[in-house]
Amino acid sequence: MISTSALEMGIDVGGLDACVLVGYPGSVMATWQRSGRVGRSGRDSITVLLALPDALDQWLLDHPHQLVGRPCEQLLVDPDNELVAAQHLVCAAAERPLDLAADGELLARFAPVVGELLRDGRLARGADSETLIALARRPWRDVSLRGTGGGFAIVEAASGATIGTVDGARVFGECHPGAIYLHAGRPWAVVELDLPGRRVRAERVDVDWYTSPLAEKETEILEELETIAGCGLRGGSGRLRVTERTIGFERRRSQGLDVLDRQSLDLPPVVSEPHGLWISAPADAATRAEARGDNLLGSLHALEHAAIGLLPSLVLCDRNDLGGISLAVHPQLGGPGIFVYEAHAGGVGIARRALRELPELLRRVEQLLDRCPCESGCPACVQSPKCGNGNRPLDKAGALQLTRDLLAAAEGYAVAPAADGRQVAPAGAPEGAGSAAAAG
């Protein structure tokens, strides 16, 4: 049988009686969709969920009503995403000239974007000056449905045949030299990353290990859109600048996940301006951590991982839609803090929705950390499969205490629009200068 994971194509579902979900599909919506493929012939059916060692899977084992008793998630869409609008406006103008009168409301809404497209020569005024036309004949060919940052072709080294594509935002993390890239379930080893030619050359291999990238991150708050109000908790959401450098990778055994070795890389940084949220740790967090014998950065890092792992239980998203960074000192926060940001350029509304759900998210993190039977942290609570620091440092006990401190400060929690003049003062120094950070 050849089919998609949701059995949308390739099989007559009328005779199926049992559905086995290997791991939580990521949303209530996807769970019911897959479960709904069985029992269509009028007979009784059964759906079984085999939970994986993942924070969200394990939390659902303790809270099954959250899976079977709540409605499907609401889809998040940001109709004001200017990066997406820029691509769509050019594609729309290529299909039919945009009319300044008939399409005036849309064009006025994105006036800065339209002006930039005109200056860049991607749009031009028609001969009658009443329309806007696209100069490219097929601009949709340059619009990726899978990501942002411009695409790279992944080709077989020997024949040059294309086996896949990867967007520019993920190419350094997934297709760096020495990386193992999975295509159709089979491993390919990346032998060359051709940046000018936007090509990744790979060869078929048979190995019992995989690679995990190691990264360094710096973040800066560019604009605060919303802020936490009504309580002692400090934080907000808005536009960030994130600079990420892939500095190396680990080779890990497929069975057991043992680290075989680490290798360094020298790759250029990737700079993005995503939307995200941030939380400041209590002013005396360092003092409390020292008194308890906790590792402050490890506590922040573990809390960040747990929050990212559980956020899909509140907002329709996936762990891969999110990134994070924890810092013992951030210049703009004036102390330690945690950032969680969207992987989608320009944002889709995940960060703003997550800020509203922050107290409930912290409560779920507390429950997860308190009930997980491991001693110092495991994949079911604070370890992340995509951590840029190789899950170091992590302090599970410290994260639990920090979460409780944040919850105590969140009494009376509310979210308010940021004050006028919401530009945030630039960071006084790069994050790496004199401050410890952990890329989640």
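Keep in mind that the model is predicted. Helix H4 packs against helix H6 at about 55°, while helix H2 meets helix H11 at about 85°.

**H4 against H6**
- H4 covers residues 82–95 and H6 covers residues 111–119, and their axes sit 10 Å apart.
- With the angle at about 55°, H4 counts as oblique to H6.
- The crossing of H4 past H6 is right-handed.
- On the H4 side the contact uses Glu82, Ala86, Leu89 and Val90, and on the H6 side Val113, Val114 and Leu117.
- Sorted by class, the residues of this contact come out as 6 nonpolar, no polar and 1 charged.

**H2 against H11**
- H2 runs over residues 55–62 and H11 over residues 358–371, with 10 Å between their axes.
- At about 85° between the axes, H2 ends up roughly perpendicular to H11.
- Ala55, Trp59 and Asp62 are what H2 brings to the contact, and they meet Arg364, Gln367, Leu368 and Arg371 in H11.

- Tryptophan 278 belongs to strand E15 (residues 275–280) and phenylalanine 339 to strand E17 (residues 335–342), so to speak a link between distant parts of the chain, 61 residues apart.
- Tryptophan 278 is buried, because its relative accessible area of 4% falls under the 20% cut-off.
- Phenylalanine 339 is buried too, with a relative accessible area of 0%.

**Valine 171**
- You'll find valine 171 in helix H7, which spans residues 171–174.
- Valine 171 has 0% relative accessibility, so this residue counts as buried.
- Leaving aside residues up to four places away in sequence, valine 171 touches Phe152, Val166, His176, Leu193 and Val200.
- Arginine 392 lies 221 residues from valine 171 along the chain, and the C-alpha atoms of the two are separated by 23 Å.

Methods: Residues are numbered from 1 along each chain as its sequence is written. This is a predicted model: local features need pLDDT of at least 70, side-chain atom pairs count only at pLDDT 80 or more; totals for chains, interfaces and linings use all residues. Side-chain values use heavy atoms; hydrogens and water are left out. Axes are lines fitted to C-alpha atoms, for helices over the stretch in contact, and angles run from 0 to 180 degrees between N-to-C directions. Helices (H or I, at least four residues) and strands (E, at least two) are DSSP runs, numbered from the N terminus. Angles under 35 degrees count as roughly parallel, over 145 as roughly antiparallel, 65 to 115 as roughly perpendicular and the rest as oblique. A crossing is left-handed if the near helix is turned anticlockwise from the far one by less than a right angle, and right-handed if clockwise. Contact means heavy atoms within 4.5 Å. Ala, Val, Leu, Ile, Met, Phe, Trp, Tyr, Cys and Pro count as nonpolar, Asp, Glu, Lys and Arg as charged, and the others, Gly among them, as polar. Buried means under 20% relative accessible area, exposed over 50%, partly exposed in between (1.4 Å probe, protein chains only).
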